[in-house]
Amino acid sequence: MHVRDLGDVTGTEDDVETPNWRSKRLLLAKHGAGFSVHETTLQANTVNDFWYANHVEAVFITHGEGELTDQETGKTYQLRPGTVYLLDGHEHHQLRPTTEMRAVCVFNPPLTGREVHDEDGVYPLITDR
C-alpha cells in the first residue's frame, strides 16, 4: 500500500515546474501500479502544446476553465471542473487555460518522474523504474 499527499511531494524531485505548468507526481512507475498519477496546475492564459506519442493519458479537471484543441482535427472542447478527457490515440493537443486550471492526470505506461518534454511536447518512453 502507498499513501501520499500533495504535501509529501511539494518541493521534492517529484514536483516539476515550468513557466506554464507544475506537475506534482504522486504515483510513479516505482510504485508498481502500472500507471502514474499527477496533479497538474496550468497557468492562466498560457498555450501548452503536448503530444504523448508513447503514453495514454486521462485527465480530470478539478478547478478552473480552458480549452482543449485536438490539433489533428482542429476540434476544440471547453474544459471546466468535472470534465474528463482521454488521449488514447496519441493525439497532438493544445491546452489553453483561461483561468488557473488544476487537473488529475493518469499516464499509462507510468512515468518514472525523469521524463522531460522534447521540442514536440513528447515524453520519452522510459521503462525502468
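Which side chain meets that of Asp14 in a salt bridge, and at what N to O distance? I started my notes from this pair.

**Entry 1: ground rules**

I am working on a predicted model, in which local features need pLDDT of at least 70 and side-chain atom pairs count only at pLDDT 80 or more, while totals for chains, interfaces and linings use all residues. Residues are numbered from 1 along each chain as its sequence is written, and side-chain values use heavy atoms, with hydrogens and water left out.

**Entry 2: Asp14 and its partners**

I looked up Asp14 and found its side chain in a salt bridge with Arg4, at 3.2 Å from N to O. I count a salt bridge when a side-chain nitrogen of Lys or Arg is within 4 Å of a carboxyl oxygen of Asp or Glu. Asp14 sits in the loop between helix H1 (6–9) and strand E1 (15–17) and Arg4 in the segment before H1, so the pair ties together parts 10 residues apart in sequence. Helices (H or I, at least four residues) and strands (E, at least two) are DSSP runs, numbered from the N terminus.

I then checked Lys30, which forms a salt bridge with Asp14; the closest N and O atoms are 3.6 Å apart. Lys30 lies in the loop between strand E2 (21–27) and strand E3 (36–42), and Asp14 in the loop between H1 and E1, so this pair ties together parts 16 residues apart in sequence.

For accessibility I use relative accessible area: buried is under 20%, exposed is over 50%, and partly exposed is in between (1.4 Å probe, protein chains only). Asp14 is buried at 6%, whereas Arg4 is partly exposed at 27% and Lys30 is partly exposed at 41%.

**Entry 3: the sheet**

I traced an open sheet of 4 strands in the order E4-E9-E6-E7, with antiparallel pairing. Two strands pair if DSSP finds at least two bridges between them. Strand E4 (48–51) and strand E7 (76–79) are the edge strands, each pairing on one side only. Strand E6 (residues 66–70) and strand E9 (residues 92–97) are joined by 5 bridges.

**Entry 4: a pair across E6 and E9**

I found Glu67 opposite Arg96 in E9. Arg96 also forms a salt bridge with Glu67, with the closest N and O atoms 2.5 Å apart. This pair links distant parts of the chain, since Arg96 is in strand E9 and Glu67 in strand E6, 29 residues apart. Arg96 is partly exposed at 22%, and Glu67 is partly exposed at 23%.

**Entry 5: tally**

My search of the whole structure gives 6 salt bridges. Shared partners join Arg4, Asp14 and Lys30 into one network.
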